[in-house]
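Thanks for coming, everyone. Let me put the structure up and walk you through a few parts of it.

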Amino acid sequence: MERPRHQGMAKNTYMRWRLPLVCLLWEVAMIVLFGVFVRFGPEADAHWEEEKREMNLTSDIENDFYFRYPSFQDVHVMIFVGFGFLMMFLKRYGFGAVGFNFLLAAFGIQWALLMQGWFHSFKNGKILIGVENLINADFCVGSVCIAFGAILGKTSPIQLLVMTLFQVTLFAVNEYILLNLLHVKDAGGSMTIHTFGAYFGLTVTRILYRPNLEQSKDKQGSVYHSDLFAMIGTLYLWMYWPSFNSAISEHGDAQHRAAINTYCSLAACVLTTMAFSSMLQKKGKLDMVHIQNATLAGGVAVGTSAEMMLTPYGSLIVGFICGIVSTVGYVYLTPFLESRLHIQDTCGIHNLHAMPGLIGGIVGAITAAAATEDVYGKEGFIKAFDFTGVYQTRTPSVQGGFQAAGIMVSLLIAFAGGALVGAILKLPIWGDPAAENCFEDDVYKQVPEDEESDAYHMHNPDKPASP
Amino acid sequence: MERPRHQGMAKNTYMRWRLPLVCLLWEVAMIVLFGVFVRFGPEADAHWEEEKREMNLTSDIENDFYFRYPSFQDVHVMIFVGFGFLMMFLKRYGFGAVGFNFLLAAFGIQWALLMQGWFHSFKNGKILIGVENLINADFCVGSVCIAFGAILGKTSPIQLLVMTLFQVTLFAVNEYILLNLLHVKDAGGSMTIHTFGAYFGLTVTRILYRPNLEQSKDKQGSVYHSDLFAMIGTLYLWMYWPSFNSAISEHGDAQHRAAINTYCSLAACVLTTMAFSSMLQKKGKLDMVHIQNATLAGGVAVGTSAEMMLTPYGSLIVGFICGIVSTVGYVYLTPFLESRLHIQDTCGIHNLHAMPGLIGGIVGAITAAAATEDVYGKEGFIKAFDFTGVYQTRTPSVQGGFQAAGIMVSLLIAFAGGALVGAILKLPIWGDPAAENCFEDDVYKQVPEDEESDAYHMHNPDKPASP
Amino acid sequence: MERPRHQGMAKNTYMRWRLPLVCLLWEVAMIVLFGVFVRFGPEADAHWEEEKREMNLTSDIENDFYFRYPSFQDVHVMIFVGFGFLMMFLKRYGFGAVGFNFLLAAFGIQWALLMQGWFHSFKNGKILIGVENLINADFCVGSVCIAFGAILGKTSPIQLLVMTLFQVTLFAVNEYILLNLLHVKDAGGSMTIHTFGAYFGLTVTRILYRPNLEQSKDKQGSVYHSDLFAMIGTLYLWMYWPSFNSAISEHGDAQHRAAINTYCSLAACVLTTMAFSSMLQKKGKLDMVHIQNATLAGGVAVGTSAEMMLTPYGSLIVGFICGIVSTVGYVYLTPFLESRLHIQDTCGIHNLHAMPGLIGGIVGAITAAAATEDVYGKEGFIKAFDFTGVYQTRTPSVQGGFQAAGIMVSLLIAFAGGALVGAILKLPIWGDPAAENCFEDDVYKQVPEDEESDAYHMHNPDKPASP
């Protein structure tokens, strides 16, 4: 046992000075860095009239804003409502799920604009931002929301902010290696967002292993209403996933294709999830956890290949497989990971993001390797894989190899980074809750007095245990 | 009495093999059929660069994706969140409403892509799909969601999948007759979606009449929170209905006009719904059922005419009338239909979809018949009604006649199809719930243990009644 | 004390004839006025084909519909779901919040189309409407939703409809003075929507002061689930605010820039809200009221300046400050306003809309005054401030002065209008609830029987107190 039994009594979850300090310090840092580095990109700058003339554009509709803003808003909803509500299933942690997700994402997008900006939009000493940067920042934070799913209910808001700082940094580095050095395609982020985010989070939760977590076992379940709230998250993720996978694809056919492939994959995934959910439960009943999560695996798994010529039936096959893999994971793998490998994965991100993310990377590698000029057309082939400049002579099979290398790099950085960040979060200065206070809103949030309030005040360390 | 009193005890709702079998078989069939038939349309295919040159398009923004994708996503939200949450009002059937809606819609859109594809997008042996096909598939499934509203809580998931298979097929046939053979306009689907879907569903529920349904009378009501969840569905349907009615209209003014007409009709509908809801209740209080449903009738009733020159005040008049008709229907017609005609209509789709759908068809016929070149302009007139080719000489009054014929055809196919499908669903092999288990999530879903759990386990046939 | 103690017993909240009468009369008036005045604008009219030719447009994508419709739908969601759900936090007033918001907004948008149409879209005796008018109507109603927040739970639906009628009228007058006479920029409505709406509402609630409101003190709080519903409202407002502030900006760079500035401001605001919420609570816990509301202040405060060259770091600074001001307001100012100034502000709109709105007006004035041709470019400068025609010679500092004058005018009309409307609403004919029935759904709505039902029927004046 790593910690003494009654550790909880001694834990200090008092946030009054620490949380404000971290929030304010970091926000001041953001302002300073934005002041030094961040400016409007040409399409958002008031000089756009001159820019238009130079670029020979005849209409304002050619502004990237009109190509991408609707998809951006869908992605935005996925990050804040999708992830926030999906994690609301815990009976006493609704505020924590949606509130802390809100906090870490709001911080993360600012830091991501900087980190990704330095790598991708840096010109003459300035980061020039536009709607595509906003989408990429949301994507980056998406990987943090995924990792949050593994440690949900067991960490303090300060730990989350610290993790966000490091994870966004590592995300940007990994993304740079994949997209720029390996010249890999990953528009929907099977590798950069899902594989990286999930294995990072799983490593962190392994390091933060709590042997006494069964003390709050009763709070790890859902109640009727918390499950219905979670369905809001599920549905918004499911519906808007075609926008997620197509948001930063090339204008025109690539965006169009990515949306169609994702739509097909997700539809197939629902059917196999329901089938296996019923088959694996001895009374044949459907399990809400599977419906809330495994139905989304199809979107994760076409993240890399959606903008390629995967074809609608190819997408159905991927969705078909992932619904099965993910559901089986919830039934057999999650308990195994917890009991044998000491990986306590609150939301089961291993089943929704890690495995489908890996599958997505592999499907992407295969689809790239199988590409031919016949299928894509001469120009389409070059445009789809950006085989220009130094990459002019790269062949599909070589591209497939690099795609596979991208998976490996993502895994490597996830494990190494997760171990490092886990070790930092283990320091006893961040105010994490005691084992018996996990999965409880009351520790960090003022909870209204209601019919559930009795349970809330039992183990609150801020109050004397007896009057 | 059609069934023995204690039928419930003998009913077998065990889904463990049947549901997985149906889901997997059908998904495999989808994959095979997609593999044989479905390919990307020219605007989603990697050959788009060449296509653009041939069609003389100067910019990627001319891709249909940018004309229709935002509307597609709004329609998508209406189908999955709108219908799913609207049906969540039952106190113990929240999972069933949103979960089964999810299942049938995910299956239905795949089958609809095929059925509608064979009729409308079939070229050289392949179905070529793009964003418009996705919208049409969602529309088609919308009619199934409507029919689901009539039988909500009284059927097994397998019955729903069987119904979806047949209803999508019949929808595509009916749509083909209307749009292609009769050359009728129905962009928002007053006839093809609402009239067809509702009368189909009402016929099915009539055939499936359950004389002992009062045994689960206590579960047919709502509770405070289930009503608030249902309001999410109502509002998303109400807000996005302008997108629904404009999603597949002609580019430009027609889409623009359809959105404005729908916006106006819906606004007027809210006022008369509130007025009659208060007037018809003896204490003058507002009834949530009316607010949840009748406020939407205005959107249904301009489904055919929204893209025509109905004008904003014409739309207000239609909305005004439909709010009244629908609210009066909930108060007087629904009880009458149940007690006299044995039509048990759980969600009152007769008031929200059937009557307003008919009104919509009639309004469309009148608006078409009243069209003049003066109002539309010479080119606009031809474009609005597609009076080209063999239809070059069709006059507005003839068009009005064909529109009216479209209503009749839709009704006919709905009644005949509903009777057939109802008879099939009556076969005792689909695992439908006993009368006393209707409107209960616990029959097919694993429900979390909570304060409501006692009530859930009372009549569960899977368990022995006494220990 | 202004009213006798046991007033409640005598109050007549019977709506059966009054509410229907008002709804029907007003809707009939709308139909008549729409019939006389409202027609489709050129881009929604079937003559658009000819219009396109005249305007030399080569593609349907140039229709304003495609520039603004996605933003319109986001704004629409903010008005109906955003405001409706945000006000759902009260434990027993969920229906009232979302239902009355629905009613007043549905009426308000119709009246706003007329009022704003007469001022801004009137040509040859007709109001010509298009998607921009729909957005402006939604904006106008937004200011009514804000005022509704101050009197939430204390008024009858008839009072709300009367207030909407007057407030929309005054809004249109104020907007005309600002935009047309003073030639002020206010695309996101810091002045016209937030400052005007909030001070109007605060004046009304001051006039309607209820000394006995502590009788319903227990119902003024939230419960666990009502707070989670309110978070839906918060998140949709927060996510879609970039669309709100950019919806009616000039095509191209201005819309793009407005979205980016708002995104940045909102992100910073979340961090400082969390910081001060924790800092000002003696146990250091986060208060849900702050997270639900103060996180949005950053969007309000860049309403005027978002489309200007505020720059991303300027936006962060504004968001930083407003999160603090708003949170401090909830902790210290709201109790002070209620106890000393007798301003009973149910939702705390003073903190979310009034103060941030003023800040937004000031930031806008400063940003305008600081504008240079260097920063904007020669053409961009003229386009951004519309310095054409009679305004050709206006300098930035003069513009700044006019912007400041706009704040003053908005305040003046808000106070005077609020006092007038408050006096009208005080007339004893509108059926407002007694003090002990405030914040209760049961007064005007049929509430389902459930576990909370006992509390609902206690003080219902329609029933005899004893059997």
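I will take the symmetry, then one interface, then some strands, then one asparagine.

First, the ground rules. This is a predicted model, in which local features need pLDDT of at least 70, side-chain atom pairs count only at pLDDT 80 or more, and totals for chains, interfaces and linings use all residues. Residues are numbered from 1 along each chain as its sequence is written, chains are lettered from A and ligands numbered from 1 in the order in which they are written, and side-chain values use heavy atoms, leaving out hydrogens and water.

Symmetry, then. Two copies of a chain are related by a rotation about an axis and a shift along it.

Now the interface of chain A and chain C. Chain A puts in 83 residues and chain C 71 residues. Contact here means heavy atoms within 4.5 Å. About 6,600 Å² is buried between these chains, and carbon and sulfur atoms give 71% of that. Buried area is the accessible area, with a 1.4 Å probe, that two parts lose on being put together, summed over both. Only 10% of the interface residues of chain A are also interface residues in chain C, so the copies meet through different surfaces.

How many salt bridges are there between chain A and chain C? Three. The rule is a side-chain nitrogen of Lys or Arg within 4 Å of a carboxyl oxygen of Asp or Glu. One of them joins Arg53(A) to Glu379(C), with the closest N and O atoms 2.8 Å apart. Several elements of chain A each supply at least two residues to the side that touches chain C, among them α2 (18-37), α4 (64-86) and α9 (224-246). The most comes from α5(A), with 12 residues. Helices (H or I, at least four residues) and strands (E, at least two) are DSSP runs, numbered from the N terminus.

On to strands, in chain C. Strands pair if DSSP finds at least two bridges between them. β1 (residues 38-40) pairs with β3(C) in the parallel sense, over three bridges. There, Val38(C) has Ile127(C) as its bridge partner. β2 (residues 122-123) runs antiparallel to β3(C), joined by two bridges. Phe122(C) also has Ile127(C) as its bridge partner. β2(C) and β3(C) make a hairpin with two residues between them, and Asn124(C) in the turn has a positive phi of about 50°. As for faces, β3(C) covers Ile127(C) and Ile129(C) and leaves Lys126(C) and Leu128(C) uncovered.

Last stop: Asn63(C), in the loop between α3 (48-54) and α4 (64-86) of chain C. Buried or exposed? Buried, with a relative accessible area of 0%. Buried means under 20% relative accessible area, exposed over 50%, partly exposed in between (1.4 Å probe, protein chains only). Leaving aside neighbours within four places in sequence, Asn63(C) contacts Glu43(C) and Trp48(C), and also Gly252(B), Asp253(B) and His256(B).

That is the tour.
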